[in-house]
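Colleague: I'd like a close look at one part of this protein, with the rest only as background. Could you walk me through the charged side chains there?

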Amino acid sequence: MQLKHIETLDESIKELDKEIADRMRPFEEALELLDTIPGVNRRNAEEIIAEIGVDMSRFPSAEHLSSWSGMAPGHNESADKRKSGKTRKGNQHLRTTLVQSARSAARQKDTYLASQYRRICSRRGSNRAAVAVGHSILIIAYHILKKKQPYIELGANYFEQRSKDAAIKRALQLLQNAGIEINLENIVA
């Protein structure tokens with residue numbers, strides 16, 4: 001009886017997959033564009049399009065989409081002190097898909113999103129990092145759907161390149177804290 005039930009469920013899944021493929025045929029271009037984002041596979045792209053659509057003119061900016069979906073970072077400030085903020089309640093299906101995509105992107109190597117996940121995870125924890133990377137994926141999806149251009153990978157060392165001077169100062173400070181004296185006159189940048 002259990003094997004018959006499993007076979008029935010497998011047949012139902014095949015029928016539903018065929019129905020989803022038929023309904024997503026008009027959005028094939030958008031699906032292929034979203035599939036270029038690390039961590040977003042075809043199923044996740046289908047879910048993102050099902051929740052937000054492909055017409056981004058409804059949202060004045062990526063931040064409006066983020067706020068609508070409930071993936072915007074919280075803002076809790078009082079007396080010029082920034083406190084921990086929670087994300088708002090929003091579209092739970094979209095949130096689940098984005099967090100799942102973020103965790104998948106975190107497992108990939110040499111990508112901007114994986115690097116972002118590791119940076120945030122070391123400071124704030126894995127759950128907050130997954131939500132933050134999911135937010136980034138949503139912002140990327142907005143721009144991809146609006147401009148109709150594929151995702152451009154920035155690379156795993158994007159954060160270091162962006163703040164190269166700050167990284168050099170941190171490294172020098174670490175060496176000085178370890179008791180190593182540095183003569184910068186002999187070093188060529």
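Colleague: To start with R23, is that residue buried or exposed?

Modeller: R23 is exposed, with a relative accessible area of 60%, which is over the 50% cut-off. Keep in mind that this is a predicted model. R23 has a charged partner, too: its side chain meets that of E19 in a salt bridge, at 2.7 Å from N to O. The two residues are four apart in helix α1, so about one helical turn separates them. E19 itself is partly exposed, at 37% relative accessible area, because that value falls between the 20% and 50% limits.

Now stay in helix α1 and look at D22 and K18. Their side chains also form a salt bridge, this one at 3.8 Å, N to O. Again the spacing is four residues, about one turn of the helix. K18 is exposed, with 57% relative accessible area, while D22 has 32% and counts as partly exposed.

D22 has another contact as well. The side chain of R25 meets D22 in a salt bridge, with 3.2 Å from N to O. R25 is exposed, its relative accessibility being 53%. Elsewhere, salt bridges with shared partners tie D17, E28, R42, R43 and E46 into one network. The count of salt bridges comes to seven.

Helix α1 runs over residues 2-24, and D10 is found in it too. Together with E7, E11 and E15, D10 forms a negative surface patch. D10 is partly exposed, at 39% relative accessibility. That is enough for a patch, because residues there need over 30% relative accessible area and no salt bridge.

R119, R123, R124, R128, R162 and R170 make it up. Helix α6, residues 112-124, gives the most to this positive patch, with three residues. Another member, R170, is found in helix α9, which spans residues 164-177.

While you're looking at charged residues, have a glance at two in loops. Most residues other than glycine have a negative phi. D110 is not a glycine, yet its phi is positive, about 55°. You'll find D110 in the loop between α5 (92-106) and α6, and it is exposed, with 63% relative accessibility. K148 is also not a glycine and has a positive phi, about 60°. The loop that holds K148 lies between α7 (126-147) and α8 (158-162). At 48% relative accessible area, K148 counts as partly exposed.

The protein has nine helices and two strands, and from the N terminus on the order is α-α-α-α-β-β-α-α-α-α-α. Its radius of gyration is 22 Å, whereas a compact globule of 189 residues would have one near 16 Å. Along the principal axes, the C-alpha atoms fill a box of roughly 75 × 40 × 40 Å. Of the 189 residues, 32% are buried.

Conventions
Residues are numbered from 1 along each chain as its sequence is written. This is a predicted model: local features need pLDDT of at least 70, side-chain atom pairs count only at pLDDT 80 or more; totals for chains, interfaces and linings use all residues. Side-chain values use heavy atoms; hydrogens and water are left out. Patches are made of residues with over 30% relative accessible area and no salt bridge: like charges are joined within 9 Å, nonpolar side chains (Val, Leu, Ile, Met, Phe, Trp, Tyr) within 5 Å. Accessible areas come from the Shrake-Rupley method with a 1.4 Å probe; for residues, only the protein chains shown count as cover. A salt bridge is a side-chain nitrogen of Lys or Arg within 4 Å of a carboxyl oxygen of Asp or Glu. Lys and Arg count as positive and Asp and Glu as negative; His and the chain ends are not counted. The place of a charge is taken as NZ of Lys, CZ of Arg, CG of Asp or CD of Glu. Buried means under 20% relative accessible area, exposed over 50%, partly exposed in between (1.4 Å probe, protein chains only). The radius of gyration is taken over C-alpha atoms; the globule rule is 2.2 Å times the number of residues to the power 0.38.
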